[in-house]
Amino acid sequence: MEIPDCFRGGSGVTREPAGGDRATASLPLFARLLNAARFSRSIAQGVLAADFVLYLRSLHWSGGEIGAVLAMSLVFSVFLTVAAGIPSDRYGRKPFVLAYDGLYVLACLAAIVSKSHGVLAAAAIVGGFGRGANGVAGPFGDIEKAWITQSPNARTWSHALNLNSTLGFLGMALGCASAALPGLFPRDAGGGLDYQLVFPIALTAAMVSFCCLAIAEDRHAEIVDAVPGRNEPEMRRLENRNLRRLSSVNMLNGMGIGLVGPLTSYWFAAKFGVGPKHIGPMMAAGFLLAAFSAHISAAFTVRFGLIPVIVGQRGAAVLALLALPFTSSLGAATTMYLLFNTLNRASNGPRATMTAALVRNRRRGLAGTISSVSRQIPQSLGPVLAGLMYDAGLFATPFLAAAAFHAGYLYLYYRHFGEHDPLRTEAKSATPWNPEPAYDPKN
């Protein structure tokens, strides 16, 4: 099967990164297939991130009801994350990620055939509709990242994760652009919009993602068996310390995300009276800019390291978030929204690399569980609180609270991990920040 060049991670030419270590631009086949799956899945998530909340609003759901469904979706996601993390370390990554895409396909089918409140709520909870997860595999997103880090060394899987993040943004941009279709085709003379147009798009993209995953090879057992004996108690002590620190910072990050992200389209519709013809292209532009900035961020991390790039980008994003609710015009609000999302999302690849470096591949399922649950529990509270605030006419409060949580997250992130940048310590193979021995992947 021939993979398009955009999923190869480069032209196939090997290049010398800063520091003299040789990085391979052409990724292993399984990594290219996982990148293709995320690209396609992100199209499905993008079109529903822009339109699903508007669809429910057109069916006369209140802000509190919409927020409650999004919150239940996050709670369901937490349950699956807890249930799958440790088993994925034992049985491998592929079954869980493949199961998620299968459930997403079924959820899209259910939303196509029924407008029932119960059916739509169930589909949203199972499929994570409206959350805009940038193409990650829902509750199994960290398991999917652990699958990608089966590449031979830190620089290779750092490159794979950065490209994976960039393709997720590109797919979200295409999906959000497609979300403008209901605004172009009103279903009746009264101006009602046919939001159900977006579900066949999501279904098709989800099926393509499922096929890519079905083909990709999972080498989890091979890697675990190849790991030589180490000082296991000491390694686990260091890894557990890193995970405790990560969970503490993720709680703040999760609350900040939950207060703003899921109900952004609702905020624009309620404050400025705009619909999908504006919101879809606006979100598409945000993801397109995020893809570009993520690509640039990858080059910066090679030169400056992960931590300076993460803290610098997200610090500037906090300033844009603070300004957003005080804008008086749609143009100014759109500009601040695009700036916030571009800077905030550009750090996704570096942060994924940082998280993967905290433990060995054999424990990345557990690490993903701890990381995701610590983020998703507070994140699940955010939409409910934000929906109630909007219903009460408090349109600035969710943004101010989110900015405070994001600022606290950045402070603790730098404090805990500022001295342990994996790209800067990769040469010290005995350190816990690069504990996995290299192996030769099959092509």
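Analyst: Let's start with how helices are compared: an axis is a line fitted to C-alpha atoms, for helices over the stretch in contact, and angles run from 0 to 180 degrees between N-to-C directions. This is a predicted model, where local features need pLDDT of at least 70 and side-chain atom pairs count only at pLDDT 80 or more, while totals for chains, interfaces and linings use all residues. Residues are numbered from 1 along each chain as its sequence is written, and side-chain values use heavy atoms, with hydrogens and water left out.

User: How many helices and strands does the protein chain have, and what makes a stretch count as one or the other?

Analyst: The protein chain has 17 helices and 0 strands. Both are DSSP runs numbered from the N terminus: helices (H or I) need at least four residues and strands (E) at least two.

User: What makes helix 1 oblique to helix 3?

Analyst: Helix 1 and helix 3 pack at an angle of about 40 degrees, and their axes are 12 Å apart. That angle makes helix 1 oblique to helix 3: under 35 degrees would be roughly parallel, over 145 roughly antiparallel, 65 to 115 roughly perpendicular, and the rest is oblique.

User: Is the crossing of helix 1 and helix 3 left-handed or right-handed?

Analyst: Helix 1 passes helix 3 in a left-handed crossing. The rule is that the near helix is turned anticlockwise from the far one by less than a right angle in a left-handed crossing, and clockwise in a right-handed one.

User: Which residues of helix 1 and helix 3 meet?

Analyst: On the helix 1 side they are R41, A44, Q45 and L48, and on the helix 3 side V97, Y100, D101 and Y104. Contact here means heavy atoms within 4.5 Å. By class, the contact of helix 1 with helix 3 divides into 5 nonpolar, 1 polar and 2 charged residues. Nonpolar covers Ala, Val, Leu, Ile, Met, Phe, Trp, Tyr, Cys and Pro; charged covers Asp, Glu, Lys and Arg; the others, Gly among them, are polar.

User: Why are helix 3 and helix 5 called oblique?

Analyst: Helix 3 (residues 94-113) and helix 5 (residues 141-148) pack at about 130 degrees, with their axes 9 Å apart. Helix 3 and helix 5 are therefore oblique to each other. Their crossing is left-handed. K94, F96 and V97 of helix 3 make the contact with I143, E144 and W147 of helix 5. That contact has 4 nonpolar, no polar and 2 charged residues.

User: What makes the pair of Y55 and F199 edge-to-face?

Analyst: Across the whole structure, a search finds 15 aromatic pairs. Y55 and F199 have ring centres 5.6 Å apart and planes at 65 degrees, so this pair is edge-to-face. Rings of Phe, Tyr and Trp (its six-membered ring) pair if their centres lie within 6.5 Å, and planes under 30 degrees apart are stacked, over 60 edge-to-face and the rest tilted. The pair links distant parts of the chain, with Y55 in helix 1 (residues 29-58) and F199 in helix 8 (residues 198-215), 144 residues apart.

User: Are Y55 and F199 buried or exposed?

Analyst: Y55 counts as buried because its relative accessibility is 3%, and F199 does too at 0%. Buried means under 20% relative accessible area, exposed over 50%, and partly exposed in between (1.4 Å probe, protein chains only).

Another edge-to-face aromatic pair is Y104 and F129, at 5.6 Å centre to centre and 75 degrees between the planes. Y104 is in helix 3 and F129 in the loop between helix 4 (117-127) and helix 5, 25 residues apart. Y104 is buried at 3%, and F129 is buried at 1%. F52, Y55, Y100, Y104, F129 and F199 form one aromatic cluster.

User: Is H60 buried or exposed, and what is its phi?

Analyst: H60 is exposed, because its relative accessible area is 72%. H60 sits in the loop between helix 1 and helix 2 (63-91). Its phi is positive, about 70 degrees, although H60 is not a glycine. Most residues other than glycine have a negative phi.

User: Which label do H406 and K271 get for accessibility?

Analyst: H406, in helix 17 (residues 397-417), is buried, with a relative accessible area of 3%. K271, in helix 11 (residues 264-272), is partly exposed, with a relative accessible area of 32%.
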